[in-house]
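Hi,

Here is the model I promised to pass on.

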Amino acid sequence: MKKVSLLLALLLVLVVMAGCAAPAAAPAADSDSASTSEEAAPADDAAAESDAAAEDDGIYIPVISKGFQHQFWQAVESGAEQAAADYGVEITFEGPETEAMVDRQIEMLQAALAKNPDAICFAALDTQAAIPLLEEAQSRGIPIVGFDSGVDSDIPVATAATDNVAAAALAADKMAELIGDEGQVAVIVHDQTSRTGIDRRDGFLNQMEAAHPNIEIVNVDYGGGDQLKSTDLAKAVIQANPDLKGYFGANEGSIIGVLNAITELGKEGEIVAVGYDAGAQQLDAIRSGVESGAITQNPVGIGYKCVEAAVKAINGEEVEKVIDTGFFWYDADNIDDPEIAALLYE
Amino acid sequence: MASAATTAAPRQSILRSDAAQKLLAFGALILIFAFFSFASPVFFTWENIKGILLATAVNGILALGVTFIIITAGIDLSVGTVMTLCAVMTGVAITNLGLPIPVGILVSLLTGIAAGSVNGFFISRMGIPPFIATLGMMMMARGLALVISGVKPIYFNDAPGFRNLTMGTLVADIPNAVIILFVAAIIAAFILGKTVLGRYAVAMGSNEEATRLSGVNVANWKTAVYALGGFFSGLAGVVIASRLNSAQPALGMGYELDAIAAVVIGGTSLSGGQGTILGTVIGAFIISTLTNGLRILSVPQEWQMVVTGAIVILAVYLDIVRRRRQ
Amino acid sequence: MDTVLVKMEGIDKSFPGVRALINAQFELRAGEVHALVGENGAGKSTLMKILSGIYTKDAGHIYYLGEETEIDGPREAQHLGISMIHQELNLMPHLTLAQNVFIGREPRGALPFMLDERKINAQTEALFERMNLRLNPGTKASELTVAKQQMVEIAKALSFDSQVLIMDEPTAALTNAEIDELFRIIRDLRSKGVGIVYISHRLEELKQICDRITVMRDGQYVDTVDAASIPIDRIISMMVGRTIYESAPELPENRDTETVLEVRNLNRGKELIDVNFSLKKGEILGFAGLMGAGRTEVARAIFGADPVDSGEIYLYGKRVGIHHPRTAVQNGLGYLSEDRKRYGLATGLNVEINNALASMGQFLSSVGVVNDSKMEERAEQYVETLAIKTPSVNQLVKNLSGGNQQKVVIGKWLTADSDILIFDEPTRGIDVGAKSEIYHLLNELAGQGKSIIMISSELPEILRMSHRIIVMCEGRITGELDATEATQERIMTYATMRSVLTDQDDDNHSTDDAAPAAVTVSQK
């Protein structure tokens, strides 16, 4: 038995190793083909001598995001790496495991500062918590560039972000148009505390209240972005509201839950589903008509613009204070348009 | 004899309180059902009940494994993320490697058993407390799931039968996932009541030292119990992957607490030695019924957490009261 | 009868800080009941735990049926046919009796991993029948009395077809009727050629049931004698056989007449019945009685650790209500539990902190910060006056020997300014040498005007150390003796004055039991 469990432990270790080998290739294959070859080499160097990087002539910019394991952040990362390749600078990309880990992100920021970087790209989970460190960076002359939810203060020289409030308002308008500007609509959001969660929820609700008075919002729920939990929540809501005409999912996990609920209850075509972001499952649903359409941000653009702005700031060039990276409505009609398709991740 | 009278008296009262606990959980479920049925006309409809059943499947299956582990006076915090790891491994097997669905299922189950065995090894051979060992496994499994999947969901679009595994219907209009839960529960009840493994799980939880002195190889059997917990995680991995038609690598945190809550509400004692599969299944249903019902009534979700938490505390308190009486 | 089943020679065993066995030996023949006697800590249980595979010996040889054997674990011992019934019961309370009996070797059903519950129950029922036990195999173990559980343990041991059966204090918790039943079973086993090792403190019992007696003292073998021919006092002198008690100091003479503590009509269920006594300043009041007589319950009730149904406590003539240990401490009471590790000490903490544990308030500044240097100073003071052997006050208490741990507890209560100290089995599990130090300490404390209640199961200790002795039996105070008039026999007479004997429901047994019960002398 002892031997057996040892063997199993070994097996698991082997699995780890096998697993490690695979993803190293995966993100490379995903990002733009032009940048892959250049990107592989400096990434290795960076790991080996990250301290030395600061002393070398090369420009080093740490990018600290709000996460790494969502597809969205992977897309941001690929944009950032593209910019790094284009401008010949070196970046590192990291983020905490969940968006609740404010302290973890602060540690990352601290560690990044210790490496004496040329600039920092930062998407704050909690701006207030980061202020002392950001002030330190400012006093040391390290420019800060905010991205995504940005940094809620005057310190950043620029912020590259989606205007989530405006984007969600667009989703509300599209929803109203699709259901004939009246009836019941439910909303499912990933969480009630994060900036994006709050902005998208409020952007959607406020627009409905202001411009579409005949639409009644019956439920606002929070599924943690967890597909399974969002599914079961959405099912209960659809059960409770037989006249429900529309459902808005405020991020990828949430809208997948809505789509599952509609499919499992056989309500395809009866409920208008409007989503956010992309992902293979969502794209399929839009193509097949189960989902009417979604808002896409420009994650690759966010990553690219923030690194670009950082480089410009380092070189003393003028940078725009707010860089709107844009958002787009996409549906079955324009999903394959080249400029839209470029923004959608699988 | 004087002692005959003294043994007879406590026996009766214990029986009474034992039965009371079981009735209590079941009664609570009925009560919750009755309440929501009154409060909303859509609650007590077949379509909604089907939704509740389906929503119980994953947590219920996880809770089955956790029941065995808690009966040994242990704990398993890794069931949720191990489930995710198992789902990802199924995805790798079926989608990435193009293996047939049954092989994918087998891979999931074996991954679960392997992870559980490692837990058992840490606990019974290396002497690491269950809380720490499984906490470590929780993080390792989460990391592995992300690494192996390349931090991306794996879809099962190339294996169209896979989704039917849980969402199809074999018996009447009941989704297969629910059938899987009930069959798994029956198997678990059989293992607990009728096999050596179940017997030793209870014995170890009741008095581990006495079990050891009786010549039982406690280390091996404990490892087996954790491996069994892993098996159920693997089964839950198949169910969740099939239902979502994808292996979502970022999922799984927090599932272990729901499973533990279900087990505890079902009357299994955290101090070991006692617990029933029926109780666990009822516990899992109480949680999903509450979630569903409060959603239907549009009660703010924050309150739902408060209610579930209060029920967990109440269940444990009743367990303490009962043991104090003994 | 003459086949030698087990022979143990030159057995050594050490635990951290204690040499439990030094060149110990033992021999067991088939078809004999062989008693193993000695004082607490003489090494009887340790020797038998080595034989049953729970401990491994450091040195020595074990021969089973003439062949040298290594016994590596309980399972190996079971295979050889050696079973041990432990003093602390070893049943799984959540399992049924049948499940307990067959744990680890259940009859299997249709498939190898399936249990055959019916067979388990049937075999257990047959087993119980053979032992004349009227128990339902399907009953949960937790529902039985201690005595019944003991019977089940014996049944379990028998079901192994054991050739060697070791019983550690089997009668400690049994009634006379139950003891008769046990003896009947033992005699039956003996006639079948089973060798039985019988560890007991009840010497009178040994004469009834045993063939030979081996005496141990301080981890060493003393002698093996024939049970029938040896007088009891000879066994006692072999067991005691040393001068430790003789060197115990004289009692302090300064007996005040002031009554510091008076307890009136203390009652709780069947555990405490009309307990009345008083304690004088500078007095050591001994509490004697058999296990479960209610002595610890009295102490805990006075200390406010357990609730009482009724009763009054007077301190210096004033009535006080003590419902919580905190109040007791405030009133100058200190309780030194018999289970030091569980109730008396935080063994994972150091001497300094343990010393201050009952009086943290003294070491807090006005803002609630602990004054470390004051704590250290006080701890060092007591380490010196109590002669606690520790490298420093920062030593963890678990690394100290039993005697020194006990001194740390005493220091704790002295730090808390306790004037009335209740010692519950103060020398249990303490090395022989350290015992006399504790005795000295008790005397000194009494000499300084502290009043002491000393609960002890060791009669010589009670006789040596007490000014007065109160004897309890089944929750009642059955006698009070002055030091000058007390003897072991008188104490034991009071200690066995069971109220059961007067109850009618026990009439059918009383004819046999009354005589031995009255004269049973529990020598330690």
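Contact, as I use it here, means heavy atoms within 4.5 Å. By that rule, the interface of chain B and chain A takes 46 residues from chain B and 45 residues from chain A.

Before going further, some housekeeping: this is a predicted model, where local features need pLDDT of at least 70, side-chain atom pairs count only at pLDDT 80 or more, and totals for chains, interfaces and linings use all residues. Residues are numbered from 1 along each chain as its sequence is written, chains are lettered from A and ligands numbered from 1 in the order in which they are written, and side-chain values use heavy atoms, with hydrogens and water left out.

**Chain B with chain A**

The size of an interface is often given as the accessible area lost when the parts come together. For chain B and chain A that comes to about 4,000 Å², with 60% of it on carbon and sulfur atoms.

There are 4 salt bridges between chain B and chain A (a side-chain nitrogen of Lys or Arg within 4 Å of a carboxyl oxygen of Asp or Glu). B:D258 and A:K229 are joined by a salt bridge between their side chains, at 3.9 Å from N to O. The interface of chain B and chain A also has 7 residue pairs in polar contact, both residues at pLDDT 80 or more. A polar contact is a pair of N or O atoms within 3.5 Å; within protein, one must be able to donate a hydrogen and the other to accept it, and residues adjacent in sequence count only if both atoms are side-chain atoms.

On the side of chain B that touches chain A, the elements giving two or more residues are α2 (46–71), α4, α5 (130–149), α6 (161–167), α10 (218–244), α11 (255–265), α12 (277–296) and α13 (301–325) of chain B. Helices (H or I, at least four residues) and strands (E, at least two) are DSSP runs, numbered from the N terminus.

**Chain B with chain C**

Here 30 residues of chain B are in contact with 33 residues of chain C. Chain B and chain C bury about 2,600 Å² between them, and carbon and sulfur atoms hold 58% of that. The interface of chain B and chain C has 1 salt bridge; the side chains of C:E117 and B:R199 meet in a salt bridge at 2.8 Å, N to O. Polar contacts between chain B and chain C come to 9 residue pairs, both residues at pLDDT 80 or more.

For the side of chain B that touches chain C, two or more residues come from each of α1 (2–39), α7 (176–194), α8 (196–206) and α9 (208–213) of chain B. Of these, α1(B) gives the most, with 7 residues.

**Chains A and C**

Chain A has 13 helices and 12 strands, and 53% of its 346 residues count as buried. Buried means under 20% relative accessible area, exposed over 50%, and partly exposed in between (1.4 Å probe, protein chains only). In chain C there are 18 helices and 20 strands, and 54% of its 524 residues count as buried.

Among contacts in chain A with a separation of 6 or more, 74% join residues 24 or more positions apart. In chain C, 66% of the contacts between residues at least 6 apart in sequence join residues at least 24 apart.

- A:D277 has a positive phi of about 65 degrees although it is not a glycine. A:D277 lies in the loop between β9 (272–276) and α11 (280–288) of chain A, and counts as buried because its relative accessibility is 6%.
- B:A73, also not a glycine, has a positive phi of about 70 degrees. Its place is the loop between α2 and α3 (79–96) of chain B; B:A73 counts as partly exposed, at 40% relative accessibility.
- C:D12 sits in strand β1 (residues 4–15) of chain C. The C-alpha atoms of C:D12 and C:A24 are separated by 6.7 Å, with the two residues 12 apart along the chain.

Cheers

Note on methods
Buried area = accessible area lost by both parts, 1.4 Å probe.
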